[in-house]
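Reader: I have a structure open and some terms to sort out. Can we go through them one by one?

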Amino acid sequence: VEELEGKVLAISRGQEPAQQFNLHVSEVLSIGRASECDVVVELRGVSARHAEIFLRPGGDGTEVLVRDMSTNGTGTIQAESQPLRGESRVLGEQCQLLIPFNRKSPELAVCLTVRVIGELPDAYDSRRRTGRWRYHEKLGEGALGVVFRAFDSTDETCEVAVKVSKVAKTAKPASRARNAYILHREAQWSLEWLHNQNRPNFCLRRSAFFVRYLEDHTGTWATGMGFDEEREMFEAADFSWDKFAPELPLPRHPYVVMELAPGKTLHAAMGWGHEPGADPPYTLEEKAAFAEQGAEALEYLSSFGLIHRDFRTTNLIVHGRGECSRICVIDMGHTIAAVSEGQRRNRSPVVKCSWRESKMKRFDWAPAEVKEASVNFARPVHAFDVYSLGVLVLQFASGGISAARAAAARLANEELGGALGLDDALLRRMLGPPAERPNPFEVRRALLCFHRPHAMRTLLSPHSPRARSRSRSGNRGVDPAPWRVPGEEWELVDELSAAAYGTDTEALKASGSDTEPE
């Protein structure tokens, strides 16, 4: 059933759990001493129906207002000295109400915090006990979506992230449908590919480098079609979104549900945003571990023929310190499959990205070929994302985004002395022509040699069981593209990870809970 337009509000009193309301334009939210009020305040001096909160549609959107209906007035944090007396006032995103304003002593008043969360789907309502999601703070916002932390009202232990499609109120139906489809595809990369245990190249351990999507509530797109057929139709260059008529009306607010990744973005953790960075700052070994895990994540992504195209500090969640440092890749809105040569120059609006830069907008993680040659990617499949990884390594080593930009420019003509254990030659390849860029495994191996040399020496020692086995087989090297080769190259890669992070890969295999790529 399509919801009426409304706003989700949370009202809390001190440290008590907040009540959440899904308020519509035709309703009012009552506050007072009477038991039938939506928010009950049992204090002397509080009127039976003391105040009301309601919505008022306007040209710039729906406003939230509070109206005083009391004898002793209602105070607001913006202007406590000028209480409301039978009048209304617009509330901001967060406001405090003092009820009642006139009282004989401070303890005879209560302060209610009112948070206007926004227009959100399937929101729980404390009055009706309907809806599913108890929304909390906004976690992040991008060009195509807004992410909120939420609890499932049917299971209060289930904490998730809900990403809602973001479009302008004046957007045309075609734009709304395009955005919703991109959000749908983003969820399906996880549900159908990266976290699907039935895929032949599914790997439980590597899939944990990517946030797992749990539910897709973006609408019905193509009944009877599989995800691959569906993409072929909607990503076609000649597909007309203006003429698209879905079988069922799309939801007013398309959304997807993801696991809540612990930690904060790498951008924030490095202190490159508006918040202080990690204290103490990350060590060189921790930065190398983040880069190595990023390389392994790209290794896994490449095994599916996928290109992330948005691998950067704001899309990496980090948590833990020292040996427990971990990353998680988020936001696959720009991810595409390198399925054919035609996809390289596909002009579809759900495939092509605009990389046009300005003084205020820079896309440092995007390689030159997509900015200058009007292509979506270049071969080999890993070329785009390995370039992004090279930029990330320079950002780690130089301590900032602008400094990394300058270092990348100098690297073409002078020696930098390497970064995180990667020598200048490898860095030049990572940032050079696409055909010369190393695959993720080669980068990962170099990083492991730097920050986990003991593990590498043990595993590659001529006296180790693995080395003796490989010597007998006549295979003396590690294949630089292990996702293309079945057999023991994958086993060696896993042993490197097991030694580096204490993962009992053999136990995982024995339990049947981990399946390696074929």
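Author: Start with a crossing. Helix H8 and helix H9 cross in a right-handed way. Keep in mind that this is a predicted model.

Reader: What makes H8 roughly perpendicular to H9?

Author: The angle does. The axes of H8 (residues 383-398) and H9 (residues 401-411) cross at roughly 115° and come within 8 Å. Angles of 65 to 115 degrees count as roughly perpendicular. Therefore H8 is called roughly perpendicular to H9.

Reader: Which residues make that contact?

Author: H8 gives Leu394, Gln395 and Ser398. H9 gives Ile401, Ala403, Ala404, Ala407 and Ala408. The residues of this contact divide into six nonpolar, two polar and no charged.

Reader: Why is H1 called roughly antiparallel to H3?

Author: Helix H1 (residues 173-194) and helix H3 (residues 227-234) pack at about 155°, with axes 11 Å apart. Angles over 145 degrees count as roughly antiparallel. So H1 is roughly antiparallel to H3. Their crossing is left-handed.

Reader: What kinds of residues make up the contact of H1 with H3?

Author: They divide into five nonpolar, two polar and five charged. Among them are Trp189 of H1 and Arg231 of H3.

Reader: How do you know whether Asp125 is buried or exposed?

Author: Its relative accessible area is 0%. Buried means under 20%. Therefore Asp125 is buried.

Reader: Where does Asp125 lie, and what does Asp125 touch?

Author: Asp125 lies in the loop between strand E10 (110-118) and strand E11 (133-141). Not counting residues up to four places away in sequence, Asp125 touches Gln20, Phe21, Asn22 and Thr130. A polar atom of the Asp125 side chain also lies 2.9 Å from the backbone nitrogen of Arg127.

Methods
Residues are numbered from 1 along each chain as its sequence is written. This is a predicted model: local features need pLDDT of at least 70, side-chain atom pairs count only at pLDDT 80 or more; totals for chains, interfaces and linings use all residues. Side-chain values use heavy atoms; hydrogens and water are left out. Helices (H or I, at least four residues) and strands (E, at least two) are DSSP runs, numbered from the N terminus. Buried means under 20% relative accessible area, exposed over 50%, partly exposed in between (1.4 Å probe, protein chains only). A polar contact is a pair of N or O atoms within 3.5 Å; within protein, one must be able to donate a hydrogen and the other to accept it, and residues adjacent in sequence count only if both atoms are side-chain atoms. Contact means heavy atoms within 4.5 Å. Axes are lines fitted to C-alpha atoms, for helices over the stretch in contact, and angles run from 0 to 180 degrees between N-to-C directions. Angles under 35 degrees count as roughly parallel, over 145 as roughly antiparallel, 65 to 115 as roughly perpendicular and the rest as oblique. A crossing is left-handed if the near helix is turned anticlockwise from the far one by less than a right angle, and right-handed if clockwise. Ala, Val, Leu, Ile, Met, Phe, Trp, Tyr, Cys and Pro count as nonpolar, Asp, Glu, Lys and Arg as charged, and the others, Gly among them, as polar.
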